[in-house]
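Here are some notes for your review. Please read them with the structure open.

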Amino acid sequence: IVIQNSNGNLTYSWNPNFRGVPNGQPFFTNVVIEGGGDPEDAARSVLETETADYAWNLQVAPEILTELENLGHGEVVVGFTSNVEHINLNQTDNRAAGDARSSYLGGANPNPFFFENRLLARALSLAINRDELVLVGYGPAGTPTCNMWTVGAEASTANDWCLTQDIAEANRILDEELGYLDTDRDGVRELPDGTPLTFDFVSSTNAVRQSNQALIEEYWVAIGIDVTMRNEDADLFFDGLCERDACIWKFFSDMEMFTNGWARPDAGTYLSSWTTTEIPELANSWAGGNMPRLANVEYDRLAAQLLETPLDDPSRADLVLRLNDILSANSGAIIPLVNRGSVAAVANDIDGIGAANGWDSDYWNIHEWTRSRRP
């Protein structure tokens with residue numbers, strides 16, 4: 001395949017040596033993939049204006065997708081895998097001065113609020129109504145979850161307490177177990193040293209994420225937590241080169257919300273992303289997948305053991321469950337929210353795509369796609 005890059009678009013030209021050529025594959029001589037824009041515009045390009053044949057990763061409010069699908073120009077397809085919308089709680093001090101900002105520094109730069117604070121994370125999680133987040137932001141393309149690994153028999157049930165919003169229990173934890181009280185009666189709790197629980201919460205610019213941010217802010221106000229919601233352009237937020245401070249790897253905020261997922265049904269390498277060696281910081285040019293900066297000796301040990309365990313060893317399932325439970329509920333570093341389906345829109349005249357497959361690239365079988373002309 002010959003790839004040409006022009007103005008943010010990729011043009012793929014057919015390979016005359018492809019194995020399927022004798023059978024008339026691929027059907028398309030050229031395929032143009034256009035980047036940029038926002039998810040709603042992408043959905044409209046297929047379902048409304050008919051200027052595109054396929055659009056993927058459509059994090060668009062369910063009522064908008066339903067309205068667009070009802071126009072009759074295409075359909076919305078969903079495939080569920082391990083994609084989880086979640087909140088990272090920064091374990092390093094994002095308010096530190098200079099080069100120390102959000103850097104691990106061998107454990108010498110802990111976050112004053114969140115570092116290994118499992119009870120605070122639990123209170124924040126209990127205050128959230130995940131059913132409402134799904135209803136407002138995802139519809140049939142999302143399900144509430146308490147886990148970062150959500151696949152089959154390896155999906156833990158130990159954390160299902162988070163599925164029921166419990167403001168009273170969240171307040172009890174903050175009052176009785178942590179002693180974070182609102183001593184000055186301004187509606188915001190403080191640490192015992194008087195520092196208010198006021199947090200900076202950032203996500204990408206996306207109508208669904210902003211609707212969920214607004215709900216989360218309401219939930220946390222009810223338990224005396226003050227949060228400033230911000231959003232950054234997705235091109236900056238997810239820029240793997242981290243050329244700007246907005247990128248998720250630098251994590252220059254108290255909290256950040258986005259989706260993690262994995263392309264394969266085995267969790268080994270994926271769960272290893274949250275080991276201590278994977279912490280991004282200035283010293284390693286912000287490389288690594290452990291954005292919340294979790295540093296947990298037991299987690300590191302179990303992750304190494306999982307990677308060494310053969311794929312056909314039944315003990316792998318138990319290791320996955322134990323790792324998930326540390327990560328999802330017992331570390332104080334992550335709050336899982338929604339198991340997101342991979343949502344795409346496909347035009348009526350595109351055939352051969354088959355059932356939605358969230359485990360691979362949306363284009364995994366593009367050589368089988370064809371175009372029909374329908375009345």
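1. Start at Cys 162. Its relative accessible area is 2%, so Cys 162 is buried (under 20% relative accessible area; over 50% is exposed, in between is partly exposed; 1.4 Å probe, protein chains only). Its partner is Cys 146, with an S to S distance of 1.9 Å. Cys 146 counts as buried too, because its relative accessibility is 4%.

2. A word on the basis. This is a predicted model: local features need pLDDT of at least 70 and side-chain atom pairs count only at pLDDT 80 or more, while totals for chains, interfaces and linings use all residues. Residues are numbered from 1 along each chain as its sequence is written, and side-chain values use heavy atoms, with hydrogens and water left out.

3. How many disulfides does the structure hold? There are 2, a disulfide being a pair of cysteine sulfur atoms within 2.5 Å. The bond between Cys 146 and Cys 162 links distant parts of the chain, 16 residues apart. Both cysteines sit in the loop between strand E6 (142-144) and helix H5 (167-177). Helices (H or I, at least four residues) and strands (E, at least two) are DSSP runs, numbered from the N terminus. The S-S torsion of Cys 146 and Cys 162 is about -100°, so this disulfide is left-handed.

4. The other bond joins Cys 242 to Cys 247, with sulfur atoms 1.8 Å apart. Its S-S torsion is about 90°, so the disulfide of Cys 242 and Cys 247 is right-handed. Cys 242 and Cys 247 are both buried. With the bonded cysteines of the protein chain numbered in sequence order, the pairing reads 1-2, 3-4.

5. Next, Ala 127. This residue lies in the loop between helix H3 (118-126) and helix H4 (130-137). Ala 127 is buried, because its relative accessible area is 0%. Beyond its neighbours within four places in sequence, Ala 127 is in contact with Gln 165, Ile 167, Ala 170, Tyr 219, Trp 220 and Ile 223; contact means heavy atoms within 4.5 Å. Thr 164 is 37 residues from Ala 127 in sequence, yet their C-alpha atoms are 8.8 Å apart in space.

6. Which residues of H4 are buried? They are Arg 130, Leu 133, Val 134 and Gly 137. Seen down the axis of H4, these fall within an arc of 95°, so they line one face of the helix. The arc is taken over the directions from the helix axis to the C-beta atoms. The buried residues of H4 pack against helix H2 (62-69), H3, E6, helix H6 (207-221) and strand E10 (334-347).

7. Check both ends of H4. Asn 129 caps the N-terminal end, with a side-chain oxygen 3.2 Å from the backbone nitrogen of Asp 131. Just after H4, Gly 139 has a positive phi of about 60°.

8. Last, the cavities. A cavity is a set of points, on a 1 Å grid over the protein atoms alone, where a 1.4 Å probe fits but cannot get out; lining residues have an atom within 4 Å of a point. The count comes to 2 cavities of 30 Å³ or more. H3, helix H10 (315-329) and E10 each supply at least two lining residues. H3 gives the most, with 4.

Notes. A polar contact is a pair of N or O atoms within 3.5 Å; within protein, one must be able to donate a hydrogen and the other to accept it, and residues adjacent in sequence count only if both atoms are side-chain atoms. On a 1 Å grid over the protein atoms alone, a cavity is a set of points where a 1.4 Å probe fits but cannot get out, and a pocket is an open set with protein on both sides within 12 Å along at least five of seven lines; lining residues have an atom within 4 Å of a point. Grid points are joined across faces, edges and corners, and a volume is the space filled by probe spheres set on the points.
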